[in-house]
Protein chains: 2
Amino acid sequence: MERTFDTRPGEARPSRSQRNHEERVQHILRHAARVFREKGYEGASIRDISRASGVALSSLYYYCRNKQELLYRIEMFTFSRILERLEERLAGVEDPAEQLRVLVRNHLDYFLEHPDEMKVLAHEEDSLTGRERKEVDEIKRRYYKRAIGIYEALGTKNRVRQLQPRIAVLSLFGMMNWIYTWHRPQVDPGAEELARTISSIFLDGVLEGRDAAATARGRERLARRASQAGSALRASP
Amino acid sequence: MERTFDTRPGEARPSRSQRNHEERVQHILRHAARVFREKGYEGASIRDISRASGVALSSLYYYCRNKQELLYRIEMFTFSRILERLEERLAGVEDPAEQLRVLVRNHLDYFLEHPDEMKVLAHEEDSLTGRERKEVDEIKRRYYKRAIGIYEALGTKNRVRQLQPRIAVLSLFGMMNWIYTWHRPQVDPGAEELARTISSIFLDGVLEGRDAAATARGRERLARRASQAGSALRASP
DNA sequence: CGATTTATGGAACGAACGTTCGATACACGA
DNA sequence: TCGTGTATCGAACGTTCGTTCCATAAATCG
């Protein structure tokens, strides 16, 4: 049957049919991402995706095992690309502060270039289950660990506040990943200005120079006020 | 028919039956919030809420017109409480930086006390439609505007970086609202430490003193590098 | 060419969905 | 004690869901 060629069939050399196959899958995934963004994973039906992509309902099952696999492929593909691009851009950058700016810029570039996929990534974290869920969690963790590494390098080369790296880095991801809830391309700044703003808030904060030091003194006062306010609330009718 | 009393019936004086009614609604909403948090609004079925609350499927429709009203009531109630508490705590606080710390602390206190409701608030922004959607958007906007006001006051009393208030404030909300995706009560810090960390990142940044000024010089270098990297990527095979 | 994958879509499946209906149990003022 | 409004629920409605089946075109190849 298959001994005419010494390469296993359907593995190397993407034949024309295979290239078409992969293109078709990408076509479906692009439209699926848009539908998932608009209606959410649970709210979107396979019929919606069929209609949006122009591929018949039952034909979708020729390319994907089920609905979950659509989401899984979108998430895996997107995470892989972001990580891939990040490593390319980090090559040769030594200063940790600049590494962090590169990470933010890379994240936001991808965010604004592929808003559908990125909203799905940020919004459908819990929609996968089983093996698919585990694999996405794993690549997400790799991304997170990369950021933690940069943050810790930042601490060895600079004077840094005593913050838990986990909390600091997840706050940074919060600033970035929340963007999908408010960013309107025609009104709001592009990736460059957003990245500059968020990097500068994270690294330098909002206040400049001695003002930052001045407000630091107010912090113990706040701690006292907060617990005061808490008990006052509980006592009120 | 209804001329025996001069007060309109069922408006003033919450009778015992009315109190029980309101308690029952709150009971349902509490369980509904938990189910919405666990499965998402679309993924959760009325039958799930019936099972979780112990109220029969059809009885739920005695208390709420439909599924959307469950979500609407949860979101309105939660937003109202947060705003209410915020104003109580802000009373008498003059310094804008401290006002901002109070806002963060108030937000996170409510976040960790009512994680179900807060995840629903953060995660189901787009699930409502029509009149209900408009009303929730409106109260959300009031909250946002309050934060913008504090941020602008911060700018008049301190030396502040030239950042768009909209972007800065929405980044702050990003740090806070993203918490629901990662916070584990048994491992992660409570509201006080979280609020301290996030306030300090926002106001003072991660770097301290002259280090912050030193890295500022690196910014134009970054701008150049980023556009370089962008074209390099496009040119690569 | 005829044989065999590759690709497509109409029709149907059982299950689950949001919602409604009608019967029943109970509390309470007249 | 009777009648009326409040509260509850089992059963059912029509619709939509994810998925499968099967028949059939179109491309591939010895």
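Colleague: Which residues in α7(A) meet α8(A)?

Modeller: This is a predicted model, in which local features need pLDDT of at least 70 and side-chain atom pairs count only at pLDDT 80 or more, while totals for chains, interfaces and linings use all residues. Residues are numbered from 1 along each chain as its sequence is written, chains are lettered from A and ligands numbered from 1 in the order in which they are written, and side-chain values use heavy atoms, with hydrogens and water left out. On the α8(A) side, the residues in contact (heavy atoms within 4.5 Å) are Pro165(A), Arg166(A), Ala168(A), Val169(A), Leu170(A) and Phe173(A). Their partners in α7(A) are Tyr143(A), Tyr144(A), Ala147(A), Ile148(A), Tyr151(A) and Glu152(A).

Colleague: At roughly what angle do the axes of α7 and α8 of chain A cross?

Modeller: The axes are lines fitted to C-alpha atoms over the stretch in contact, with angles from 0 to 180 degrees between N-to-C directions. The residues of this contact divide into ten nonpolar, no polar and two charged, where Ala, Val, Leu, Ile, Met, Phe, Trp, Tyr, Cys and Pro count as nonpolar, Asp, Glu, Lys and Arg as charged, and the others, Gly among them, as polar. The axes of α7 (residues 130–157) and α8 (residues 165–177) of chain A come within 10 Å, and they cross at roughly 115 degrees.

Colleague: How many helices does chain A have?

Modeller: Helices (H or I, at least four residues) and strands (E, at least two) are DSSP runs, numbered from the N terminus. Chain A has zero strands, and its helices come to eleven.

Colleague: Is Trp182(A) buried or exposed?

Modeller: Trp182(A) lies in the loop between α8 and α9 (191–204) of chain A. Leaving aside neighbours within four places in sequence, Trp182(A) is in contact with Asp188(A) and Leu194(A), and also with Arg166(B), Ile167(B) and Leu170(B). Buried means under 20% relative accessible area, exposed over 50% and partly exposed in between (1.4 Å probe, protein chains only). With a relative accessible area of 6%, Trp182(A) is therefore buried.

Colleague: What is the relative accessible area of Arg34(A)?

Modeller: Arg34(A) is found in helix α1 of chain A, and, leaving aside neighbours within four places in sequence, Arg34(A) is in contact with Ala52(A) and Asp116(A). Arg34(A) and Glu117(A) are 83 residues apart in sequence and 7.5 Å apart in space, C-alpha to C-alpha. Arg34(A) counts as partly exposed because its relative accessible area is 31%.

Colleague: Which element gives the most residues to the surface near DNA strand C?

Modeller: A residue is near the strand if one of its heavy atoms lies within 4 Å of it. Of the 18 residues around DNA strand C, Ser58(A), Tyr62(A), Tyr63(A), Arg47(B) and Tyr61(B) come nearest. The residues of this surface divide into seven nonpolar, seven polar and four charged. With four residues, the element that gives the most is α3(A).
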